[in-house]
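Please have the sequence and the coordinates at hand while reading.

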Amino acid sequence: MITVKNERYRQKYHIMPPQGWMNDPNGVCFFKGYYHVFFQYHPDSAEWGPMHWGHARSLDLVHWENCPIALTPGDSEDKDGCFSGSAVVKDDKLYLIYTGHNYLAGTKKQEVWENQNIAISEDGLHFQKYEKNPVITSPPSDNSTDFRDPKVWFEDGLWYMVLGSQSKKREGRALLYCSKDLLDWNYLKVLAKADLTANEGYMWECPDYFELNGKKILLLSPQGIAEEKGIFRNLHQTGYFILSDDGNQVIKSDFYELDSGHDFYATQTCLTEDGRRILFAWMDMWKADMQEQTDGWAGTLTVPRELRMQGNRLCTYPVAELKALRSELLFTQDKFIKKTSFSSSSHALEINAVLDWGKADTSIYFELNDEEHSQIFIVEFCPTTQKAVLQRKGADGKRQASFSLKQQLELKIYIDSSSAEIFINGGESSFSERFYAAGKLNLEFSSENLIKQKLDAYCLDS
């Protein structure tokens, strides 16, 4: 295995690989007292490679321990990779349902075939692949060979699976299967598909289906959505459709981006022990500049986020358990002022800000700078357009998100050694960002006019 040569960008409280490469979160679940998060993992280098399943677990959603690798590729059904999937509990055992990725011989890795497989554990740490894998051998006849990322759930006495795929017409699709026992699966239908006349993507990855406050949500990561009116600017997107049924067919809403930052992809959700739906995402993006790769590792996940519905808007907000990380109050303020600046030698911070708009046409700014006061990024919150615009240094730096105009702008910001997550107005919008800066951080809230700033900043323990 590769080793980590430098700790400078290692996260303090986010899930990251012990070494090597990480991408999609997989198998997020609660089993025998622990929350489990598996992830796509290449332990032998800081580059994408034959995918294993790495594994971390936690008693409290806050403090995570690394566990042994759960799945290793190389069997006949997954000889070139154990790709993404999910986990469920049945008969006091933990079942991992995953995609076997295989290169077609003689094509120089240009053609693939994929299937769906199962591995089983009694203790949540050691897994045995099912002896009759694969449980789904091939996609429907009108599908391409892109056929992966099973998400499984139990409903009304049956197990259901939604799979990401692409039709032979290059439509992104979510395929629906069912089973009585998790082992024998029947193909039901196309749950939803991209409209070829709309901007909805040629391939749908990492689908997740659930109901929240009476809304049927299809959460997924489409590939091939083009930039549109300042949004959808990442290489690939993550967002959701709200589904309804008119009795004859499934009707889907417009596609809504879930997080507007540069670094957010491949979400997966699960229910907590007390019934909240929480989410993790890969906090990176394909083809991004991941400077930690030179140190022997790559990739991190977001903080766990609770999902809530506000009308037809799916909101994400850090789980309440993260308050347990607070070690000391670094900075506090409650007064009318134009500009507030403070610094921290710690890169593990939680910042809570309640900012009055003052004059209705006055923008508010949040800026993160490095030790030399060189700007890492700045966010402008404009009340007239009701848009937040983030500008990060480097090429393709701008991202934007909408928010509702209230009397006050509420922000919750989590900063770690090489990441920042900004939540706006209770999570109705957010930005997830990676950054790379050594030394002290300088933070600033400002406006052109006097506004009331109520700020609390905490240093966090790992």
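Which residue in E14 is the bridge partner of Met203? The model is a predicted one, and in it Met203 is bridged to Gln223 of E14.

Strand E14 covers residues 215-223; seven of its nine residues are buried, so the rest of the structure largely encloses it.

| Strand paired with E14 | Residues | Sense | Bridges |
|---|---|---|---|
| E13 | residues 203-212 | antiparallel | eight bridges |
| E15 | residues 239-245 | antiparallel | five bridges |

E13 and E14 form a hairpin with two residues between the strands. In this hairpin Asn213 has a positive phi near 50°. On the E15 side, Leu218 lies opposite Phe241.

In soluble globular proteins, nonpolar side chains tend to be buried together. The largest nonpolar core in this model contains 39 residues, and Tyr13, Ile15, Phe280, Leu322 and Leu460 have the most contacts inside it. Strands that each supply at least two residues of this core include E1 (20-31), E18 (265-271), E19 (277-282) and E32 (441-460). Strand E2 (34-42) is also one of these strands, and E2 gives the most to the core, with four residues.

What does Leu322 touch, not counting residues up to four places away in sequence? Leu322 contacts Leu61, Val62, Val303, Pro304 and Tyr414.

Note on methods. Residues numbered from 1 in each chain as written. Predicted model: local features only at pLDDT ≥ 70, side-chain atom pairs only at ≥ 80, totals over all residues. Heavy atoms only, no water. Core = buried A, V, L, I, M, F, W, Y, C linked by side-chain atoms within 4.5 Å. Buried < 20%, exposed > 50% of the residue type's maximum accessible area, 1.4 Å probe, protein only. Contact = heavy atoms within 4.5 Å. Pairing = 2+ DSSP bridges.
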